[in-house]
Structures are given as C-alpha cells and as structure tokens.
Amino acid sequence: AQLDTLDLIVLVALLVGSVAYFTKGTYWAVPKDPYASSAVALNGAAKSGKTRNIVEKMDETGKNCVIFYGSQTGTAEDYASRLAKEGSQRFGLKTMVADIEDYDYENLDQFPEDKVAFFVLATYGEGEPTDNAVEFYQFLTGDDVAFESGATADDSPLSSLKYVTFGLGNNTYEHYNAMVRRIDAALTKMGAQRIGTAGEGDDGAGTMEEDFLAWKEPMWTALSDAMGLQERETTYEPVFSVVENEDKSPEDETVYLGEPTAAHRAGQPKGPYSAHNPYIAPIVESRELFTVKDRNCLHMEISIAGSNLSYQTGDHIAIWPTNAGAEVDRFLQVFGLENKRHTVIDIKGIDVTAKVPIPTPTTYDAAVRYYMEICAPVSRQFVSSLAPFAPDEQIKAEITRLGSDKDYFHEKIANQCFTIAQALQALSPKPFSAVPFSLLIEGLNKLQPRYYSISSSSAVQKDTISITAVVESVRLPGASHIVKGVTTNYLLALKQKQNGDPSPDPHGMTYAITGPRNKYDGIHVPVHVRHSNFKLPSDPSKPIIMVGPGTGVAPFRGFIQERAALAAKGEKVGTTVLFFGCRKRDEDFLYQDEFKAYQEQMGDSLKIITAFSREGSNKVYVQHRLKEHAELVSDLLKQKANFYVCGDAANMAREVNIVLGHIIAEQRGMPSDKGEEMVKHMRSSGSYQEDVW
Ligand code: FAD
C-alpha cells in the first residue's frame, strides 16, 4: 500500500511543468501533534515550550515570510494556508503560517527588512477581532503601544516591517472589515510598509472567494517587485505525506476514529473543555417545535452537568458535527477510496513547520466523516488544482476551463451549489483516483463546529443548555438538488433516534449516530461554550426591547425565562418587550405556549408583539411592527432600555437599525441623521446589542 503513495509522488514528479495551478492549504508553524494532549492543543505554542518570538522562529526555520491569521470559522486560516503554498511554489518564498495568538507582538519592531509578514484577518460580530486575534488587536490599537526595545508608537517603530494584508468581512454588518482597516491603519501609522492594497473580501455579497482571487494577483506583483522575487513554473508538491499502514488495524487503540483529542481516543476525556477540547454532552431531551412540509425547527436540551462547563444567559454553544453518511460515501467513491476506507493512514507534515490538521493515525473514513468539511461550496481555485489528476485529458481540459473562466465556473458549479464530490461527479462518472489525499487535506477546511445562541437562562437551568435550530434544507435558486446543512441535519437525526421516530435517517441521510467507537451512544454530541457580550442589563428593573424573528428568538427565550424567574422571586423587573416574527401564527410561532404562560405570570410587563409575514395580503415583518410601536419604543429608550437584535444579519438586522434611527428622530423631533447617530451611540455604549448571523 505504501507503493500507492510512492506512485503518486512519481506521478507528481512527472507532471513537472505541465499545468500551472495553485492549491490551498499548508498548515505550518504550530506544535507538531496538537491532538496528543489537550493542554498543548489548548494553549498552542505557550504551553508546549515553543518560542513565542516570531523573529527567532523564522530565523530557526529559515523562513522569510510569515502568514498570520485571525480566524473564527476557518476561512481566514484557509486563505493563509493558500497564500503560504502559493508564495512558496510560485515565488520561492520560505513561508510559514502562524496562528496569531501563538506569538508575541512586542518585538515586531525587530522584524527583519528582507522578510515579509502577512496578516489575514477576519472581522467578527460587531467589528470585533476573532477570538485568536483579540490580544494582537488590543496591543496594536491600544493607547500606549510599547515594544520590548522601549520604542513607542511615536517612534515609527515598525519602519523595517513589510506587510501584506487581507480582511474577511461582511458588508451587512455595521463595521465592515473593521479589523483589517484598523490594523492596517495602526501598522501604517507606526511606519510599517504595506505591499499591495489592503484587500477586503465580502461574505455579505457572496464574493469572498472572487475578491480574494482578484486581490492577490496584483499583490504578488507588488511583492515580487518589493522583494525581488522571480515567478517560476509551479508543480504540485504535497504538504503532507499520507502513508497507508496495512499493518495497523483500525481497531488499534492508537488510531483516531473520529475522536477530537487523544484523551477522547483513550476514552478518558477531561476538562477544561474548550474550542480545542469538546465535551461529549448528553442530549437529555429533543423535540420539534414545528414541522411543516420540508421545514422544521428543533429544540434540544443539552446537559453540561459535571463537566465544569458553565454558561451565562446570552452565550453561544458550539456543536461539533459529523458528516452525513451519504456524503462520506460519495466523497470516498469519487476519489476511488471506497474499498480502502478503513485502511489506517499516517499523515505527516513534509516541512518541519507543517501542522497536520487531522489527528493521525486515522482512516480515510474517519478523516472524511469527522475531520474534513466535505459539504461546503467548492472554490474555483481548489477545483482547478485537481486538473493534473483528472481521470482523462478531456476532463482535465474541462477542469482547466472551469479554473480559468469565472463565469463558466459559476454557471456549472457555484450556481448548482455543488460540493467538491458532487462537482466532480457531475463532470465524470470516472473516479478521480489519482488525486493525492494530501491535496484534499490541503484544499478542504477542517470540519468546523457551528454556533447556536443558547435559548435558556443560566439562572434557571445552569446545567442544561437549550438550543433552537432550524434544519437547513433548502433548494437554492438555480440548484438542482436540495442543500442539506451539515450540523442541523445531524441534530435532526439525533432527535429522530432519541425519540424512536420512524425514520431515523431524515431525507435518506445516514449518520454514524453512535460516534467513534460508539462513544456518543445514548445520544451525545460534542460541544463547547463560547462566551458572548450579548447580555441582559445587570439591573433587572431596566426595561428591555428585543427584536428576534424566527430562530432569532433563541436568546430572548432565555432572557424572558430569566426575567420571569426574577419576577417570581419578587424582584422588580422592568418592562420586557419582544418583537417576534414568523410566517404564520399556527405554523412556525416558536414557543407560543411558553410565552403565553409567561405573560399570564408577568402581566403587562411582558409584551409580545408579533408580525406574521404570510397571513394577510401584505408581508408584515418585525421592523413594520417596530414602526407601529414607535411611541412605546421611544418611551422605553428614554427610560434607558437596552435594545437587542438577534437573527438574520443580511436583511432584518440592518432594517431594524434603520427603523430605530427613524423612530428616535421622529419621536424626538430631530433630523434623521441625528437619529442614526443616536443608534450608533447606543451601539458603542452597549445599549444596542446584536447577535446576528
Ligand atoms: P451548513 O452546512 O453550515 O450550511 C449553511 C448554509 O450554507 C446552507 O443553508 C446553504 O445556504 C449554504 N451551503 C451549504 N453547503 C452549500 C453548498 N454546497 N453550496 C452552496 N451553498 C451551500 N442557527 C440557528 O438555527 N439557531 C441559532 O440560535 C443560531 N445561533 C447562531 C449564533 C451565532 C453566533 C452564529 C454565528 C450562528 C448561529 N446560527 C444559529 C447559525 C448556525 O451556526 C448554523 O450556521 C446553521 O445552523 C446552519 O448550520 P448547518 O451545519 O446545518 O449548515
């Protein structure tokens, strides 16, 4: 079996000079086996005794280009890896990728002139840095920046630093690409020299990938000029060595069959549980809040008792999903791996700084089922990177065309909402058996946990977290198949199983419900908790206004639960107003009965104002109701009410923001721009809070 890998390497060598193409993904410069101990995985370089000095690290490993990423959902990390790979293969740069939280910034003023640093930075939430970039952001944008050498912001301390930067943002949010803009401004102010433009990708417009592709070509030209680089013909060089190990059985205790860490593999997971070390939590109850035709919404109660995890009302829980069996099968079949799915593979980084993103040893099946994001929309660059490995010349030509013709790619692949395996299946019935597995690891993201706004109050049920999730099952315009969300369909399957529902595999999708080595049996799901700033006022007598249509109601169920409990204890609770919207009152009105019961208990102090978009001839949305209740809203704001918005970022949240500005202006007799300003002020003072996605 080892020959297979050798064959591939020979094949790759033979392809030298054939087609210039690029691929995503190197994972460098973080501890070698982050899965071996959760402590290492948790604390990155710090705890593993590795240096936090980037200048030293680059020197030691002979690198002249570091690509830092600030990533929340993995896209920025993926772009960083792609840039590293391209820089190395096309321009001979000695690149490394670095998680921005694994290094210190106090010596950036010592960064050598003949090297370059990239900053690939996502903006999260309301103009915030991603979790791993918080310290970096605070350091560079703080009031008194001081470097180790004693230099301050006024001394042009970064004049030797050449940098490249790209931001990942969403124009439907108020602070579009705030991270890259602020960091770029801070670096420039301190004398650093930017190469190329500060790129901005827009997820809101759905153009992230194309923005990235369009930005990077002129950037490479500018960088080549600045550093005297020569572009060269590229050929695929695998980042990882993937060796089949026939001697090892998948039953061997050293093999990862989907477990997130070594402790989980050994059957002894232990805390502290975190984004690197999930807790395998029992689902204690699951039900459907509504089911209409092909739309349904789940309510789940997840126990964190005994885990030492805690949450506060308004926090998020992350669910670690498993890919659907049907998609795992499709993927393995497309890449000709079906018959050896349970073969054990050892994955190693070829470069010393490469970080293997998958726990190893593992099997093809486990890698694809638990560790790789195989169902996401596929990128043009990744598809084109497969051309040299196409099963025949005709398919190779077609892939090359897809890679170079943006419109053609959109028509054939993107508009069809194909995953990588679906796209290749549509191109040819022949398997793509020559594609090196390393290329798939490089080109696809790690399977990401999905976040859910916790829909319970920690004051009422501190050990049980509720979630409210709509099952993603949509036929997107132009697509011939229905796109099934990874996590929500997995949760639906868990619910079906738990309730002994007749069809345990919804929509013909099968799931490995009992998890690796049956460790999730008895209906468990891996989770971690993420603390958020979306919080009730500390003084419950303050009024609150909440706008949460659809699943946007999730955190507000928790808020109301909490205020009702406080009221029941005799505490003074301020007026509590919820604007809720859905299609029809008798179809998808979430928690209708519960809210009725709370209203009976709290009387007039709880107002639920509803908007049903499909009942009358006019579509009525929450923002219309908000307008109708302008006086109430304005009065409560005068009483220092907090204003909360949760749910759809693209349309609803933006409209609500605008409407509130109008209400304030009208009710107070101000010009409309003053109203807008007031809303901005409310945002910065924390009395206008958003939890949107
Ligand atoms: P995914 O597989 O992630 O797919 C998501 C969407 O991507 C699909 O619906 C589709 O539009 C698109 N897509 C997927 N595959 C393709 C493809 N091949 N081609 C084209 N398009 C594709 N959701 C809730 O229901 N309730 C909540 O309380 C909630 N709270 C959240 C809080 C936060 C802070 C955030 C960030 C998100 C929240 N979400 C919530 C959304 C949630 O995290 C998930 O995004 C959502 O449940 C879908 O996850 P999924 O894995 O089922 O779908």
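## Reading the backbone and the core

Tutor: Helices (H or I, at least four residues) and strands (E, at least two) are DSSP runs, numbered from the N terminus. The model is predicted: local features need pLDDT of at least 70, side-chain atom pairs count only at pLDDT 80 or more, and totals for chains, interfaces and linings use all residues. Residues are numbered from 1 along each chain as its sequence is written, and side-chain values use heavy atoms, with hydrogens and water left out.

Student: What is the phi of R517, and how should I read it?

Tutor: Most residues other than glycine have a negative phi, and most peptide bonds are trans. R517 is not a glycine, yet its phi is positive, about 50°. Its relative accessible area is 28%, so R517 is partly exposed; buried means under 20%, exposed over 50%, and partly exposed in between (1.4 Å probe, protein chains only).

Student: Which class does N308 fall into, buried or exposed?

Tutor: N308 counts as exposed because its relative accessibility is 80%. N308 is not a glycine either, and has a positive phi of about 70°. Its loop runs between strand 10 (295–303) and strand 11 (316–319).

Student: Which residues does the cis peptide bond at P272 join, and which at P361?

Tutor: G271 is joined to P272 by a cis bond with omega about 0°; P272 lies in the loop between helix 8 (262–265) and strand 9 (279–292). T360 and P361 are also joined in cis, with omega about 0°, and P361 belongs to the loop between strand 12 (344–349) and strand 13 (362–363).

Student: How do I read a nonpolar core?

Tutor: In soluble globular proteins, nonpolar side chains tend to be buried together. A nonpolar core here is a set of buried Ala, Val, Leu, Ile, Met, Phe, Trp, Tyr and Cys residues joined through side-chain atoms within 4.5 Å. The largest has 53 residues, of which F331, F335, M372, I420, F432 and F437 touch the most other members. Helix 10 (residues 364–371) gives this core its largest share, 6 residues. A second, separate core of 33 residues includes I454, V471, A493 and I523.

Student: Which residues does F331 contact beyond its neighbours within four places in sequence?

Tutor: Contact means heavy atoms within 4.5 Å. With those neighbours left aside, F331 is in contact with V368, M372, I374, I420, A421, L440 and L444. F331 is among the buried residues of helix 9 (residues 325–334), along with G325, E327, V328, L332 and V334. Their cover includes helix 10, helix 14 (420–427) and helix 15 (437–443). After helix 9 comes G336, with a positive phi near 65°.

Student: What describes the chain as a whole?

Tutor: The protein chain has 22 helices and 23 strands. Its radius of gyration is 26 Å, close to the 26 Å that the globule rule gives for 693 residues, so the chain is as compact as a globular protein of that length. The radius is taken over C-alpha atoms, and the rule is 2.2 Å times the number of residues to the power 0.38. Buried residues make up 58% of the 693. Among contacts with a separation of 6 or more, 78% join residues 24 or more positions apart.
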